[in-house]
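Biologist: Walk me through this model, please. Keep it brisk.

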Amino acid sequence: LIRARLALARYARAARLLDRPADGDPSDLMENLSRSERTLGVVLCRPDGTTAATSAAVVDLIPCGGPNVGAVLQGRSERAWRLDDATLHALAVTVPGAEGRSALVVVHDASYIDERLASQLSRFAAALALLGLLVSVTTFTSVRAAFGRPLDKLAGWMRRRRRGVGGAAAP
């Protein structure tokens with residue numbers, strides 16, 4: 001949703017230009033706008049609920065006469081929703097234009113969030129395993145260094161006492 005809002009800041013100026021297209025087809029401009037890496041498409045709806053311009057990828061996904069876009073055209077400043085596919089999110093905002101209040105809809109794919117989360121979790125697990133191994137080795141080494149020699153002396157003394165060779169005093 002935050003990414004869609006950031007994209008809308010860039011798209012809003014271009015959407016205002018669509019009210020008075022000086023050069024080129026508005027659909028071409030929408031295609032250029034939707035070339036962002038995760039933006040699936042952009043739709044501009046007129047105040048009467050018809051489509052002014054759309055990206056080819058979202059022609060059938062976002063009806064300008066639908067309830068979500070209609071709420072924005074009726075006065076709501078923005079509306080966000082998920083499409084039938086749970087990874088596709090849409091955000092519609094109002095865009096003032098020469099004809100009145102238009103709606104600009106950005107559709108983007110949020111599946112990358114799941115991929116990033118899985119990647120971060122696997123990195124965290126690997127770092128945690130490495131940290132656990134480091135703590136174990138450090139603990140073993142320090143215990144061995146601190147208590148190993150005295151315990152070896154004690155074990156040797158006990159062996160000698162059992163054989164009857166050693167003295168009475170413990171080391």
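**Helix, patches and a disulfide**

Modeller: Valine 135 lies in helix H4 (residues 111-163). Helices (H or I, at least four residues) and strands (E, at least two) are DSSP runs, numbered from the N terminus. The model is predicted: local features need pLDDT of at least 70, side-chain atom pairs count only at pLDDT 80 or more, and totals for chains, interfaces and linings use all residues. Residues are numbered from 1 along each chain as its sequence is written, and side-chain values use heavy atoms, with hydrogens and water left out.

Biologist: What pattern does the protein chain follow along the sequence?

Modeller: The protein chain has four helices and five strands. Read along the sequence, their order is α-α-β-β-α-β-β-β-α.

Biologist: Does valine 135 count as buried, partly exposed or exposed?

Modeller: Buried means under 20% relative accessible area, exposed over 50%, and partly exposed in between (1.4 Å probe, protein chains only). Valine 135 has 46% relative accessibility, so this residue counts as partly exposed.

Biologist: Which residues form the nonpolar patch on the surface?

Modeller: Patch residues have over 30% relative accessible area and no salt bridge; nonpolar side chains (Val, Leu, Ile, Met, Phe, Trp, Tyr) are joined within 5 Å, like charges within 9 Å. A salt bridge is a side-chain nitrogen of Lys or Arg within 4 Å of a carboxyl oxygen of Asp or Glu. Together the members of this patch have about 510 Å² of accessible area (Shrake-Rupley method, 1.4 Å probe; for residues, only the protein chains shown count as cover). They are Phe124, Leu128, Leu131, Leu134 and Val135.

Biologist: Which residues form the positive surface patch?

Modeller: Lys and Arg count as positive, with the charge placed at NZ of Lys or CZ of Arg. Arginine 163, found in helix H4, is exposed at a relative accessible area of 63%. The patch is formed by Arg159, Arg160, Arg162 and Arg163.

Biologist: Which cysteines does the disulfide join?

Modeller: A disulfide is a pair of cysteine sulfur atoms within 2.5 Å. A search of the whole structure finds one. Its S to S distance is 1.9 Å, and it joins cysteine 45 to cysteine 64.

Biologist: How many residues apart in sequence are the parts that this pair ties together?

Modeller: Both cysteine 45 and cysteine 64 are buried. Cysteine 45 lies in strand E1 (residues 39-45), cysteine 64 in the loop between strand E2 (51-54) and helix H3 (67-73), so the parts tied together are 19 residues apart.
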